[in-house]
Amino acid sequence: MTGGDTSGKVYRIHWLPGTDRLHGTCHCGAEHTAQDPVEMWDWMLSHPEGHQ
Amino acid sequence: MTSTSTPFARNQWYVAAYAHEIGRELLGRTILGEPVVLYRTEDDHTPVALADRCVHRRFPLSESRLDGDRIVCGYHGFTYDTTGTCVSVPGQKRVPRTARVASYPLVEQDALIWIWIGDPALADPQTIPRARHLADPAWTTVTGMEPIDGDYGLLVDNLMDLSHETYLHGGCIGTPEVAETPITTEVDEDAGIVRVSRHMDDAACPPFYARSTGIDGRITRWQDIEYFAPCLYLLHSRIAPVGVLPEADGTDPNAFHTEITYAITPSSEGKVYDFWAVSRDFATDDAEVTAFLRDFNHEVVMQDVNALNLLQRTLDTEPDGYQELSINIDTGALAARRILARLAEEGAKPVEAVR
């Protein structure tokens with residue numbers, strides 16, 4: 001219903017069905033799995049550190 | 001106020017009122033700590049927002065009266081035009097040059113009155129997020145507004161994690177599947193948008209939807225949140241009998257769609273205006289459904305209001321530096337908090353430093 005455009009710098013986090021795990025994908029394409037959203041955001045926002 | 005206080009994000013658009021609330025009666029609201037008086041001009045009904053304090057002795061202009069398009073202060077008669085300029089004072093011809101109150105940029109759009117809080121030179125109406133369904137004749141909308149005695153961050157937190165529906169709103173809109181179903185979270189960093197989706201393939205139909213849609217079996221229930229920080233929150237809700245999906249061409253004629261809109265407008269510190277609206281694309285002419293959704297959603301909103309009032313009172317008694325514990329359901333709320341912190345930081349910078 002809105003005209004919200006996507007700017008390109010998008011972070012995605014999927015809670016994997018049937019598990020307690022989160023799977024994150026940084027805007028650079030790096031991926032990471034964690035069991036805690038705080039840890040996940042810490043990893044995500046540390047880009048580019050550890051995102052090789 | 002405790003350490004839970006979420007900083008205000010200036011240089012942003014906020015919903016000051018529903019368009020239908022503003023007329024020839026003066027309306028006072030406090031937005032990001034700034035008292036504002038709102039009204040419409042007599043001839044072309046243009047909305048006006050001025051600082052709600054007379055320059056003379058700080059009397060609230062919202063407790064004064066209109067003379068044509070001018071506000072006459074109810075205490076000593078200082079008179080202001082629509083730009084906030086004082087054009088008349090009692091007993092003398094000379095009006096001091098400094099006698100003016102601030103005027104605020106306003107935009108009337110989608111049945112909402114948006115106000116810019118910050119440097120007026122930076123106000124760009126193109127950046128206001130849209131909620132077109134609120135003014136679209138194909139949708140029927142019920143609205144309300146509840147003030148909450150709580151930090152606006154508590155309301156953002158509440159709305160970004162709908163698993164609370166199962167517990168706080170059980171028997172109304174919550175069923176076990178809401179809390180049990182994993183979410184996906186997407187953050188568009190530069191646009192300041194957080195999207196949280198929860199798609200339930202086979203869920204119980206809560207009374208809110210059973211009574212409004214007439215579905216009596218189990219449902220496919222999709223909840224797709226878009227939060228346009230700091231103010232506008234949209235929940236795109238799709239309800240259909242189990243297994244009924246959108247058509248291959250993207251149309252979705254066999255589902256019931258509800259747009260649940262919130263405008264989260266910080267008032268003074270520790271207080272927030274909770275503007276809520278429920279728009280539907282089914283039974284649009286059915287007055288009974290309209291009355292039901294208005295009453296039922298009000299009940300749901302008041303459950304949140306009471307819970308957040310209680311939560312704020314509780315947090316106010318907590319020692320500084322208390323700990324929280326976040327789990328998977330909080331992924332979107334954590335993203336929203338971070339974006340609000342960034343917007344607040346940007347809004348506090350000198351003008352030349354703002355992007």
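How many residues does helix α5 of chain B have, and how far does the helix reach from its first C-alpha to its last? In this predicted model, helix α5 of chain B runs over residues 287–316, which makes 30 residues. From first C-alpha to last, the helix reaches 43 Å, close to the 44 Å expected at 1.5 Å a residue.

Some residues of this helix are buried, namely L293(B), N297(B), D304(B), L308(B) and Q312(B).

Is V300(B) buried or partly exposed? A residue needs 20 or more other C-beta atoms within 10 Å to be called buried. V300(B) has 19 such neighbours inside 10 Å, and therefore counts as partly exposed. Leaving aside residues up to four places away in sequence, V300(B) touches H169(B), C172(B) and I173(B). By contrast, E42(B) stands 258 residues from V300(B) in sequence, and the two are 38 Å apart in space, C-alpha to C-alpha.

The next stop is the place where the two chains meet. Here, 26 residues of chain B are in contact with 20 residues of chain A. On the side of chain B that touches chain A, at least two residues each come from β12 (184–188), β14 (219–228), β15 (232–241) and α6 (331–347). The largest share, five residues, is supplied by β12(B). Sorted by class, this side of chain B holds 10 nonpolar, seven polar and nine charged residues.

Strand β12(B) also takes part in pairing across the two chains. Its partner is strand β1 of chain A (residues 10–15), and the two pair in the antiparallel sense over five bridges. To find this pairing in the structure, one can look for R12(A), which stands opposite E186(B) in β12(B).

Chain B also has an open sheet of four strands, in the order β5-β6-β7-β8, with antiparallel pairing. Which strands form its edges? These are β5 (65–67) and β8 (86–88) of chain B, each of which pairs on one side only. Strand β5(B) runs antiparallel to β6 of chain B (residues 70–72), and three bridges join the two. Within β6(B), V72(B) is the residue that R65(B) stands opposite.

Notes:
Residues numbered from 1 in each chain as written. Chains lettered and ligands numbered in written order. Predicted model: local features only at pLDDT ≥ 70, side-chain atom pairs only at ≥ 80, totals over all residues. Expected span 1.5 Å × (residues − 1). Buried ≥ 20, exposed ≤ 12 C-beta atoms within 10 Å, placed from the backbone. Contact = placed C-beta atoms within 7 Å. Nonpolar A, V, L, I, M, F, W, Y, C, P; charged D, E, K, R; others polar. Pairing = 2+ DSSP bridges.
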